[in-house]
Structure formats: C-alpha cells, structure tokens
Amino acid sequence: MTTLNHTQVKNENPITMSKIVKSCLAIAILLMASNVFAQEVEFDVYTNSATKASQYLLADDVAMRDCASVQCEQLATIGIGTNVRLLAKSESAQTINGVKSRWYKIKMGPQVGWIWGGLISQKTMVSQVNPEVKFVFGEAGMDYKGYKRFQIRAVKNGEEIDKIFVKCDSLNHSRVSLLEAESGQDGVEVISLGIGEDESCDVTTNAKYVMFKNNKLEQISSLLTATTPEFEKANYAYNCGFDDQD
C-alpha cells in the first residue's frame, strides 16, 4: 500500500531561482516604465506668471489641506469650476489614480491651504453660447484595463452639467480647443480634441470632436454631424475609447 511517506509528486514546472529573478525584473521594469513615462500635470505659480497662475478646478468637492499631502488635515472643500490662484507648488509630485502632479498652495478667503494639481483643469474653455457655462479638461487616470483617460466636464455656476471620458494616449491639452460657433446651430458647441488625420486612438474609427447640445456631451467624428446626434446614447462615445464610467 502506498503511503504519504513514499509518495513522490513530480513537479512539471519547478520554480527556480532564475524564474524568480526574471519575474522580479519584469515587475521592476513595468514599475519604472510607468513612473518614467507618466507625464506630470503641471501649472505655473503666481511668482512666475500672475495670469497663468489663475486656474479653474476640474473636480467637485476638492479638498484644501493644511499641507501638501492627502494625510494632512482638510480645511475646506471647493466646488468644481471655482477659480483659484496658485501661489506656490510642492517640491515633489504625487501620483494618485495614475495621474502625476504636485500640490499647489492657494488662498480661499481667509484660509490658505494646499490642493492636489490633478484636480485642476488643464484647459478651460468658456461657452460662446452661454458665458456662464465652462468646459474644463484634464487627465482622469487609468481605467481598470490600464488605458489612459481624459475628461471633459461642462460646468455652470459651480455645478456639473455633464461629463464625458476619453481613452486616448495622443490627447494633449494644448491642442484641445472650443471651435467657433457656426450660424444656424443654435445651442450647439463643438470641442476639437486636436487629433490629426494621421493620428488615432487605436480603434477602428476615430472621434475627433465632442459636441455639447441640450446640456449633453457626446462624441462626433465629423463636423457635418454637429447638427444632429450621431448616436442615440448621449454621454457615451463608441469611438476613440470614450466611456461614461468614473
């Protein structure tokens, strides 16, 4: 009778020191790559440029803290679209949810505190149809598959009207722009994502614009479709990796 003492289990794939070392090296390379290629979300401060140091917030309920860390005491929360003046920035950047940025010192009323730069709009565009509406643009970190995301939010009087997310590595805030409103398109605004003809979002078709109509943001692939919705489901873009998930 076979006993446990005499039973030998043959390991088809023995774990060797070589395999352990290779695995560790692969993990280290991935971590280094993510850190090296993560582009910092960065802003000018007041001492460098008084004009450029004035920015709008990209997120709602932004925590203002008494020092430059998420562990610091929260002094207040600030609403989306609020204009803040960046007085100084922290010496080092912090990566949160895939977005790398420094902390920025601001003053709100009598209080002086710090906010994380990933919650500041990288590009703010004022509606030509209704100047009370602003479109704020910025990074939104990585999704669960590791794809880089950006976001556009429509804001009015400190409240979010609508938002849309874009998965596309080629987006750059300096190229995003609000196009001049066309006559005959009442209430329609079009934001160009700045994607060239030879660029894509690694998908079959490519959405190059975001349309704001009837208080909804949706994607369009051509300016010819700006007068009519291209898809039935607003706030979800099938092209260029758009999604409506936080």
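Two strands pair if DSSP finds at least two bridges between them; strands (E, at least two residues) are DSSP runs, as are helices (H or I, at least four), numbered from the N terminus. The model is predicted, with pLDDT of at least 70 required for local features and 80 or more for side-chain atom pairs, while totals for chains, interfaces and linings use all residues. Residues are numbered from 1 along each chain as its sequence is written, and side-chain values use heavy atoms, without hydrogens and water.

**View A. Strand 14 and its two partners.** Strand 13 (residues 177-178) pairs with strand 14 in the antiparallel sense over two bridges, and Leu-178 stands opposite Ile-191. Strand 15 (residues 209-213) is joined to strand 14 by four bridges, also antiparallel, with Ser-192 opposite Tyr-209. In a regular strand, side chains alternate between the two faces of the sheet. In strand 14 (residues 189-192), Glu-189 and Ile-191 lie on one side, Val-190 and Ser-192 on the other, and all are buried (under 20% relative accessible area; exposed is over 50%, partly exposed in between; 1.4 Å probe, protein chains only).

View B. Tyr-104 is buried, its relative accessible area being 0%. Its contacts (heavy atoms within 4.5 Å), leaving out residues up to four places away in sequence, include Val-41, Glu-42, Phe-43, Leu-86, Trp-114 and Ile-120. Glu-42 is 62 residues away along the chain, with a C-alpha separation of 9.7 Å from Tyr-104. A polar atom of the Tyr-104 side chain lies 2.9 Å from the backbone nitrogen of Phe-43.

**View C. The open sheet 9-10-11-12.** Four strands form this sheet in the order 9-10-11-12, with antiparallel pairing. Strand 9 (123-126) and strand 12 (159-167) are the edge strands, each pairing on one side only. Neighbouring strands are turned by 20° against each other on average, direction ignored (axes are lines fitted to C-alpha atoms, for helices over the stretch in contact; angles run from 0 to 180 degrees between N-to-C directions). Strand 11 (residues 148-156) and strand 12 are joined by eight bridges, and Ala-154 has Asp-162 as its bridge partner.

**View D. Lining of the largest pocket.** On a 1 Å grid over the protein atoms alone, a pocket is an open set of points with protein on both sides within 12 Å along at least five of seven lines, and lining residues have an atom within 4 Å of a point. Of the 20 lining residues, Ile-96, Asn-97, Trp-116, Gly-118 and Leu-119 are the closest to the centre of the largest pocket. Strand 10 gives the largest share of the lining, four residues.

Definitions and conventions: A polar contact is a pair of N or O atoms within 3.5 Å; within protein, one must be able to donate a hydrogen and the other to accept it, and residues adjacent in sequence count only if both atoms are side-chain atoms. On a 1 Å grid over the protein atoms alone, a cavity is a set of points where a 1.4 Å probe fits but cannot get out, and a pocket is an open set with protein on both sides within 12 Å along at least five of seven lines; lining residues have an atom within 4 Å of a point.
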